[in-house]
Structures are given as structure tokens and as C-alpha cells.
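Hi everyone, thanks for having me. Could you bring up the model on the screen, please?

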Amino acid sequence: TLTQITNSDTHKQYDPDVLLSNINCPVLLLQGEPALGAMLYDEDVVRALRLLKHGLHIRMAGVGHMLHDEKTKAFCDLVTGFLEAL
């Protein structure tokens, strides 16, 4: 989660709020289900969307962390659709 990154010794020099607020290009946030192992929690999504200038969020049902592996076609369709809309 964003909080874990902020508190991690490895990443303590990075401030997710600063990093995300400095991104100017469109960003696609694909979220799986935390109960199935997804790393992006609802509070992370709310925080990221508040900071991103052009953020789009899509939650994929029935998948955990490995979105692209668990639902490859759906993942590719979402990413392709996002890119084609740019």
C-alpha cells in the first residue's frame, strides 16, 4: 500500500504524495480484490486519485495481484482501450 511504501526503509526517501502529484500524464489504476491478494487497497485508490491530475481507476473483480496473469484478455482489453483513448 502507499502507507507501507512511505514507511519502508527501502523507500523512505520517496514521498508518494509528492510523486503522484507530479505526474501530469494520464494514469490507469487497475485494482484487483485485496481479499484475493491485490496490493492496491480502496484507501490507496482514493488517495492516488486525489493526487493524480488525470487518473482513471478500474477495479477488476475476481482477481488478486496478478491481474495480467489471472484475466489476461480483460487486462489487455482495459489497457488497450485506455491507450487508444489517449
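Let's start with Asp42, which counts as partly exposed at 41% relative accessibility. On the scale used here, buried means under 20% relative accessible area, exposed means over 50%, and partly exposed is in between, with a 1.4 Å probe and protein chains only. Before going further: this is a predicted model, where local features need pLDDT of at least 70, side-chain atom pairs count only at pLDDT 80 or more, and totals for chains, interfaces and linings use all residues. Residues are numbered from 1 along each chain as its sequence is written, and side-chain values use heavy atoms, with hydrogens and water left out.

So, where does Asp42 lie? You'll find Asp42 in helix 3. Helices here are DSSP runs of H or I with at least four residues, strands are runs of E with at least two, and both are numbered from the N terminus.

Which residues is Asp42 in contact with, leaving aside neighbours within four places in sequence? They are Gln31 and Arg59, where contact means heavy atoms within 4.5 Å.

With Asp42, Arg59 forms a salt bridge, and the closest N and O atoms are 2.9 Å apart. The pair links distant parts of the chain, with Arg59 in strand 2 (residues 55-59) and Asp42 in helix 3, 17 residues apart. A salt bridge means a side-chain nitrogen of Lys or Arg within 4 Å of a carboxyl oxygen of Asp or Glu. The C-alpha atoms of Asp42 and Arg59 are separated by 9.6 Å. Arg59 is also partly exposed, at 40% relative accessibility.

Why can such pairs form at all? Side chains of opposite charge can pair when their charged atoms come close.

How many salt bridges does a search of the whole structure find? The count is 3.

Another one joins Arg47 and Asp17, at 2.8 Å from N to O. Here too, distant parts of the chain are linked: Arg47 is in helix 3 (residues 42-51) and Asp17 is in helix 2 (residues 16-21), 30 residues apart. Arg47 is buried, at 17% relative accessible area, while Asp17 is partly exposed at 27%.

Finally, please turn to Lys73 and Asp77, whose side chains meet in a salt bridge at 2.8 Å, N to O. These two are 4 residues apart in helix 5 (residues 72-84), so about one helical turn separates them. Lys73 is exposed, with a relative accessible area of 60%, and Asp77 is partly exposed at 44%.
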